[in-house]
Amino acid sequence: MAKKRANGEGNIRKRKDGRWEGRYTAGYHPETGKRIIKNVLGKTQAEVKEKLAKAIEDSKALDVVHADEYTVGEWLRLWYELYAKPNIRPTTADSYRLGIEKHVIPRIGDIKLNKLTSRDIQKMYKDLQENGRLRKSQKSKKPGLSNSTVRGIHMMLHNALDRAVKERLILRNPTEDCIIPKIQKQEVKILHPEGMKAYLEAANKRGVLPMFYLELVTGLRKGELTALLWSDLDEKRCTISVSKQAVGDRNRNVTISRPKTENSVRKISIPQSAVDLLIAEHRKHPDNPWLFPSPKTGEMYHPDSIIKLHEKILCDIGLEHIRFHDLRHTFATMALQNGVDVKTVSSMLGHYDAGFTLRTYTHATRQMQEQAAEKMGSFMEQVM
């Protein structure tokens, strides 16, 4: 039976023929990424242990020399195709590819992988913050990328270089020493109650009231909303089952996948008024499996199409521009301010924990704390 050693030392076992064998990872195949396993043999465990240590050190030296064959750009492209793309969502893959091809490679792509320094990366981050935008229309207003976008590029690069360390192409990850920009916390925008009636009336005129009404009473993500099937509605129990999402890429291709986290797979209770609207909507297209089929194609809406619909509705009534995602914020804020507890709101939104919900909606929970303070004050006055 193999005797497991500490990380990096390999495994040692006694063979049936009486000899001792040590196995170790000598590197990774540059094209397939599979581990290259080698072994050493000896008459005693001590002999094999000594041989194994030397073999591992020798393989490390060979791997680092082999890294001369890669530039940063070559490694990032290999890492993207082999490790990243097969294991991430299409939208994330799109953002990775854009970051690699348009932002990273033009700035540091020609540097040899084992010559890349944290200073090279830090200079790149600075340039991206100051002059990273690609579209001329955006560049004239604000030439630099947002801090959150630069942080996203940092995480992508960090992961790619971590894999290079694991494959012993480089000794350490230079992103570890970089200072990344802080997240600029933006104030949550919502559709205020005084604007909701006009908003829903405008949605009704465009024939999409059930979709946007459901959004305001559930806070679904756009991909979750468009991927709903008629079978996801339980009329008797007044619930909607969320178990999938529509994901669109830059070429307007749409795929159906599992929601972004397991917490996002959930069953949401909805009011009877929403159920009635959905039933009336389904009667218009009883043979269509989609809850909200596109009137143009009869198929599922593209997630970006409902964003455009949302923008048209705002334009119809002259409301201040808010993002479609802000309707999700609207639901959460209104629910919290109307006495729904944080844990329930968190589960309805599909957040991974109530703490995240609390941090995101501090403005709403602060008002709840003020109301709680007033109630406690009134109670204490009665006691006194």
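Visitor: Where does the model come from?
Guide: This is a predicted model.

Visitor: Why is Asn173 called buried?
Guide: Buried means under 20% relative accessible area. Asn173 has 3% relative accessibility, so Asn173 counts as buried.

Visitor: Where does Asn173 lie?
Guide: In the loop between α6 (147-166) and α7 (193-205). Leaving aside neighbours within four places in sequence, Asn173 is in contact with His158, Leu161, Asp162 and Val165.

Visitor: What makes the pairing of the side chains of Asn173 and Thr175 a polar contact?
Guide: A polar contact needs a pair of N or O atoms within 3.5 Å, one able to donate a hydrogen and the other to accept it. The side chains of Asn173 and Thr175 make such a contact at 2.6 Å, so the distance falls within the cut-off.

Visitor: Is Arg168 buried or exposed?
Guide: Arg168 has a relative accessible area of 17%. The limit for buried is under 20%, so Arg168 is buried. Arg168 also lies in the loop between α6 and α7.

Visitor: Which value does phi of Cys238 have?
Guide: Phi of Cys238 is near 55 degrees, also positive in a residue other than glycine. Cys238 lies in the loop between β5 (233-234) and β6 (239-242). With 14% relative accessibility against a limit of under 20%, Cys238 counts as buried.

Visitor: Why is Gln45 called partly exposed?
Guide: Partly exposed is the range between buried, under 20%, and exposed, over 50%. Gln45 has a relative accessible area of 28%, so Gln45 is partly exposed. Gln45 lies in helix α1 (residues 45-66). The C-alpha atoms of Gln45 and Lys85, 40 residues apart along the chain, are separated by 43 Å.

Visitor: How does the radius of gyration of the protein chain stand against that of a compact globule?
Guide: A compact globule of 384 residues would have a radius near 21 Å, but the protein chain has 28 Å. The C-alpha trace spans about 80 × 60 × 55 Å along its principal axes.

Visitor: How many helices and strands does the protein chain have?
Guide: The protein chain has 15 helices and nine strands. Of its 384 residues, 41% count as buried.

Definitions and conventions
Residues numbered from 1 in each chain as written. Predicted model: local features only at pLDDT ≥ 70, side-chain atom pairs only at ≥ 80, totals over all residues. Heavy atoms only, no water. Helix = DSSP H or I, 4+ residues; strand = E, 2+ residues; numbered from the N terminus. Rg over C-alpha atoms; globule rule 2.2 N^0.38 Å. Buried < 20%, exposed > 50% of the residue type's maximum accessible area, 1.4 Å probe, protein only. Contact = heavy atoms within 4.5 Å.
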